[in-house]
Amino acid sequence: MILTIGEGEVYKGYFMIKNRGEGSIRGLVYSSSFRMRCLEQGFEGNPVRVEFEYDGRGLLPGHVEQGTFTVVCTGGEYTIPFTALIEKPYVMTNYGKVQNTDDFRRLAVKDYTEALKLFRSREFYEVLKYEDKRIFYLYDNMRKWSLDEAAMEEFLVGIKQKECIFLTLPGEGMLFQDVKEITKQTLTVIKNTWGYMPVQIQTEGEFLSVSRNRFTTDDFVGNVYQVDFLVKPDGLHAGRNFGKIHLITPYEILSYDVEVMQNGSYDENHREIEFLMAQVVKEHVSCVAGRMTLDKWTESAVDKVKKMRQIDPLDEYLQLFQAHVYIHGNQIEDAKWILENYNYNRFAIGKNPKVNAYYLYLTALVRGHGSHMDRVIDEVGKIYLRQQDSTMLLLMLLDIDPQYRDKGRRLAALEQHYQNYRTNGVLFLLEAFQCYEEKSLLLKKLGQFEMMVLNFASKYRLISREMAMYVANLASQQKNYSEFLFHILERLYKLYAEPMILNAICTLLIKGNKLDNRYFVWYQRAVNEGFKIAQLYEYYMSTIEEDDVREALPKSIFLYFMHGNTLNYKKAALLYANLITYEENASDLYISYREQMVAFAWEQLMKRHITESLKVIYKKFCTEEEMTGERLEAMRDICHAYLVKTKVHNLKCALVIEKDGTVKQRIPYRPDGMIVYLYDKEARIIWQTMDGGYHTDSIAFETKRLFYEPRYLEMCKKYMSRISNWGAENNKLEVNFENIRKNGIRAFDEKEVFRLCSKTIREEDYDEDEFMLYLSYELFKRQQYDKMTLTYLADYYCGSTRNMKVLWKVAKDYGIAVTKLGERIITQMLFSEDMFAEEDIFIDYYLNGNPYFRLKQAYLAYVSREYVVYGRNVGASIFDIIMNEEKNDEDLADICKVALLKRFAGKEYGEEEGEILHRFLREMCERQLVFPFYMEYEESWLREAQIYDKTMVSFQASHGGRVRITYKMRRGDVEDLAIRQRV
C-alpha cells in the first residue's frame with residue numbers, strides 16, 4: 001500500500017481480508033510503526049474490514065516511512081507492506097495543483113493572470129514552504145515591497161525559472177528624404193521570451209512623435225510589437241535632420257536613429273572662405289612670433305586670398321584684404337594697383353561704411369603721413385562713433401591715430417572695448433598682447449581681459465621667458481583660484497619649465513583646494529624640487545593614487561608626517577603601506593612610525609575599512625595573539641567584503657537578503673561601485689531603482705572580493721564555530737519521548753535515544769507501552785540494545801513470528817529469560833498454523849518453566865499431526881517430551897500416541913518404552929485408529945490387536961473428501977477375478 005498523506009494530517013484507510021473458502025477467519029493485526037494504528041487489533045468474520053490510521057502530524061514533506069502490517073490469523077501469517085509518503089502542501093488552481101516553483105512557472109506560461117493571482121495571495125507561502133530558503137525569503141521580502149506584474153517577473157527571474165526579457169530592433173536606423181507631408185512608419189520590436197515588462201518610449205527631435213509613449217509585453221503579438229511613429233515636416237529644416245526613438249526598459253535603453261534629408265543640395269564650399277581666412281590670420285600670428293618669415297607669409301596669404309576671390313569674385317572686402325596683404329608684405333605697387341582699380345564712391349560711403357573705411361585706411365597706409373592721413377583718421381573716427389561695436393574700425397584707428405601711440409592709452413581702449421563687447425578675435429588679442437610685450441609694467445592685475453590676452457598668447461606660444469616669469473609672479477599673488485589662470489600657467493610651464501612657474505601653479509592649486517588625481521603631477525614636481533609651500537605634502541598625499549605608486553615615497557614625506565597627520569584613512573594607509581613595503585630602505589623611519597601604524601591598523605579594522613594599502617597593514621600587524629572577539633568579527637566582515645559594480649543606471653541602492661531572510665544592508669548606489677558584505681553564498685543582492693522598483697538577477701553586476709587571506713578566514717571560522725556551537729548547544733532539541741514522538745527517531749542520535757530508553761526502563765520499572773516497545777525494537781534492529789531493553793522486549797513485544805524469533809535468539813544468547821516470549825511465539829504459530837523452526841523455542845519453553853498445559857498439549861498434538869500426516873521431520877526431543885508426558889500421567893491427544901508409534905515402528909526401544917508403546921497400540925486399535933506402520937511391531941502385539949493377518953491400505957485426503965478404492969481379492973493360490981469398489 002502507498003499512502004500519500006498531507007502535511008500534519010491523520011490518514012484514515014482500510015484493507016480487506018477474505019477467506020476464499022467457507023467459514024470465518026479470526027486473528028490479530030500488528031503494525032511495525034507506532035504512527036500506524038489499527039482501530040481494532042483483533043478481527044473475526046469473512047470478509048473482514050481492517051480500519052487503520054496513520055498519524056502524520058509533526059512530519060515534514062518528503063518524509064517516507066516503509067513499514068508492514070503483520071496479519072496473524074487462522075489462515076496463516078501474512079505481511080502487508082505499506083509506504084507512507086508525506087507530500088508537500090499545494091494550492092489548487094484552475095489548471096490543477098501547484099506544489100512547487102516548477103508548477104508555478106508552468107502556470108505562468110499558461111495563464112499569467114492566474115499565476116499573478118496566486119502570487120499575490122498568502123496561499124503562495126504554502127507552495128514555497130519547502131522550497132529552497134533563498135526562494136522563500138525572496139518572496140517574503142517582495143511581499144513587503146510590491147506584488148505587481150513586474151514583481152512576479154523579477155521573482156521568476158530571481159529563482160531561475162525564466163530568463164530576463166530583452167528587446168531587439170531591426171537594424172540601427174531609418175532614412176527619409178524630402179518629407180512633404182506627415183508620414184507614418186512602424187518600428188518592429190522583438191522580445192526574446194515570455195513574461196512581463198513595461199517599456200517607455202521617448203523621442204528625440206521635434207519632427208518625431210509616437211502614438212503612445214508606453215507599452216508592455218502584454219501588447220505583443222507573439223514575440224513582436226509594432227511601434228507606430230510619425231515624421232512631421234513642420235519640425236524639419238533644410239539639410240540633414242537627426243532624431244532618435246528611445247525604448248526604455250528597466251534593464252537597458254535601446255535607441256533607433258531616424259534621419260531625414262530635406263531639400264536635397266548641400267554646399268560643400270559654404271565655409272571655405274572662413275577656413276582660408278582663419279589660416280591667413282593664424283599664419284600671421286606665427287609670423288609675428290618669428291616662426292615664419294614675412295615673405296613666406298605674404299606668398300601664402302596671397303595664394304589663399306586669390307582662392308577666396310575665386311569662390312566669391314564680387315566680394316569687395318576680399319579685394320581690399322588682398323591689397324592689405326600686399327601692404328603688410330611690403331609689396332606696395334601691387335597694393336596700389338588693386339586700390340586704383342577699386343570702385344570707390346565717397347558719396348556712397350554710408351551704404352557700406354566698414355568696407356569704405358577699410359579702403360580709406362589702406363590708402364592712408366600707402367600714402368603715409370600728411371593731410372590725407374588726417375582726413376582718413378577723421379572719416380574713420382566718424383564711422384567708429386556710429387559703429388563702436390566694430391573691432392575692425394577700432395584696430396584701424398589704433399594703427400593710424402597718433403593719440404594711440406601711447407601703449408597705455410592703446411591698451412585702455414582695447415580693454416574698454418572688451419568690457420563693452422566681449423571681443424575675443426585673434427587680431428584684437430594680438431594687438432593687446434603686443435602692448436604688454438612692449439611694456440610689461442602695464443600688466444598690473446590678472447582680470448578677465450588680461451587672462452584672455454595671456455591665454456591667447458600662451459596658446460600661440462607668443463610669451464617670452466621674461467614675460468612668463470612676470471606672469472607667474474603675478475599669479476602667485478592671487479587670492480582666489482582661477483581655472484583659466486591655471487591653464488595659462490600650465491602652458492607656460494610647458495614652454496619654460498621654471499621653478500617659479502611651478503611654484504605659482506602649486507600655490508594656485510592649493511588655494512583652489514584641488515584634490516583630483518590629475519593635479520598630483522604638479523604636487524609631485526614641487527615635492528621633488530623641495531619646495532616649502534604650506535600644505536604641499538598634504539595635497540601631495542591627497543591627490544596620489546595607489547596605482548601611481550611604484551616605488552618608495554620621498555623621504556621628506558615621511559619626515560613631514562612623522563609626528564601625526566590629518567590625512568583621510570585611504571591616504572594615511574597608502575603612506576604606511578609604502579613604508580612597510582620598502583622597510584629595508586628606511587628602517588629608522590619604520591621604527592619611529594610603528595606605534596602609530598599599529599594603532600591605525602586596529603582603528604581601521606574596527607571601522608571595517610579595506611583598501612589595497614590596508615591589506616598590507618593588516619597582514620603586518622593583525623596577529624592571532626592580539627585578536628579579540630570584536631576584532632575577529634570586524635576581520636570577518638572585511639574578509640567577506642565585495643566591490644559590486646553594475647552598468648545599469650537609475651538605481652537608488654542595493655539591498656542584501658541574508659541567509660536567514662533578513663535585510664540588514666542597504667547600500668546607496670555609486671557609479672564607481674559599492675562595498676557589500678556577502679557572508680554566505682545563499683545571500684542575494686536586490687536592486688532598488690529610483691522609481692521604487694525592485695530587481696533581482698535581471699540586473700547584471702560584477703563582484704570583486706576585496707580581501708582574501710586564508711589565515712584570517714581560518715581565525716574567523718574558529719571564532720564563529722565557537723559561538724555557533726555554544727548557540728547550537730542551547731538550541732539543540734532535547735532528547736525526550738515527546739520530541740521523539742513528534743519528530744521521529746531519525747531526528748536524533750540513535751545512541752542518545754537508546755540511552756534514554758534503557759535508563760527509563762531501568763529506573764522506572766516501565767510497564768508495557770506501545771511507544772516504548774516501538775522505540776526499543778527499532779533500536780534493536782539498528783543493533784542498539786542492552787540487557788535491560790532486551791528484557792523489556794522479551795516480556796512485552798508482539799509482532800511477526802519471524803521478528804520475535806530473531807529477538808528470542810539474541811535474548812537467549814544474552815542469558816535473558818525468554819519463557820514469556822517463547823510462549824507468545826508458540827501461541828501465535830499454533831493460532832496461524834504456520835510452524836517453522838520452532839522446536840528449540842518449545843523445548844526451552846518446556847524445560848525452563850511451568851508450561852501452560854493447554855499450550856503444551858496443543859503444540860504436541862500439532863507437531864504429531866504434521867509428523868504423521870505430512871511426514872514432517874521432528875526432532876527426537878519432541879518424542880522424548882511426549883514419552884515423558886505419558887510417564888507423568890499427563891493427558892495426551894491420540895495423535896501424539898500415533899506419532900510415538902510411528903516414531904518407534906521397526907526401531908529398538910527399552911522395556912519401559914515398550915510397555916507404553918504396547919498400551920498405545922492396543923488403545924489405538926480399539927479406537928479404530930489403525931495405520932500400516934503398526935505391522936512393524938511384535939507379532940504378539942498384532943495378534944492381540946487382531947490385525948496380524950490384515951492388509952492395510954492408507955490414503956490421505958482433505959476433510960470431507962471422498963476416495964474410491966478399486967481392489968481384487970486373492971485367497972490362497974486362487975485369485976478372485978472380480979473387481980470391487982468401495983467409497
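Trainee: Is the crossing of H12 and H14 left-handed or right-handed?

Mentor: In this predicted model, helix H12 crosses helix H14 in a left-handed way. The axes of H12, which covers residues 391-400, and H14, which covers residues 426-438, come within 10 Å and cross at roughly 35 degrees.

Trainee: And which residues meet there?

Mentor: From H12 the residues are Thr391, Leu394, Leu395 and Leu398, and they meet Leu427, Phe428 and Glu431 from H14. Sorted by class, this contact has five nonpolar residues, one polar residue and one charged residue.

Trainee: What lines the largest cavity?

Mentor: Its lining is made of Lys133, Arg134, Tyr137, Leu138, Ile657, Glu658, Lys659, Glu682 and Arg684. Helix H4, residues 133-145, gives the most to this lining, with four residues. By class, the lining of the largest cavity has six charged and three nonpolar residues, with no polar ones.

Trainee: What about the second largest cavity, which residues line that?

Mentor: The second largest cavity, with about 30 Å³ of space, is lined by His918, Leu921, Arg922, Trp941, Glu944 and Ala945. Helix H37 (911-926) and helix H38 (939-944) are the elements that give two or more residues to this lining, and the largest share, three residues, comes from H37.

Trainee: And how do those divide by class?

Mentor: The lining of the second largest cavity divides into three nonpolar, one polar and two charged residues.

How values were computed:
Residues are numbered from 1 along each chain as its sequence is written. This is a predicted model: local features need pLDDT of at least 70, side-chain atom pairs count only at pLDDT 80 or more; totals for chains, interfaces and linings use all residues. Side-chain values use heavy atoms; hydrogens and water are left out. Axes are lines fitted to C-alpha atoms, for helices over the stretch in contact, and angles run from 0 to 180 degrees between N-to-C directions. A crossing is left-handed if the near helix is turned anticlockwise from the far one by less than a right angle, and right-handed if clockwise. Contact means heavy atoms within 4.5 Å. Ala, Val, Leu, Ile, Met, Phe, Trp, Tyr, Cys and Pro count as nonpolar, Asp, Glu, Lys and Arg as charged, and the others, Gly among them, as polar. On a 1 Å grid over the protein atoms alone, a cavity is a set of points where a 1.4 Å probe fits but cannot get out, and a pocket is an open set with protein on both sides within 12 Å along at least five of seven lines; lining residues have an atom within 4 Å of a point. Grid points are joined across faces, edges and corners, and a volume is the space filled by probe spheres set on the points.
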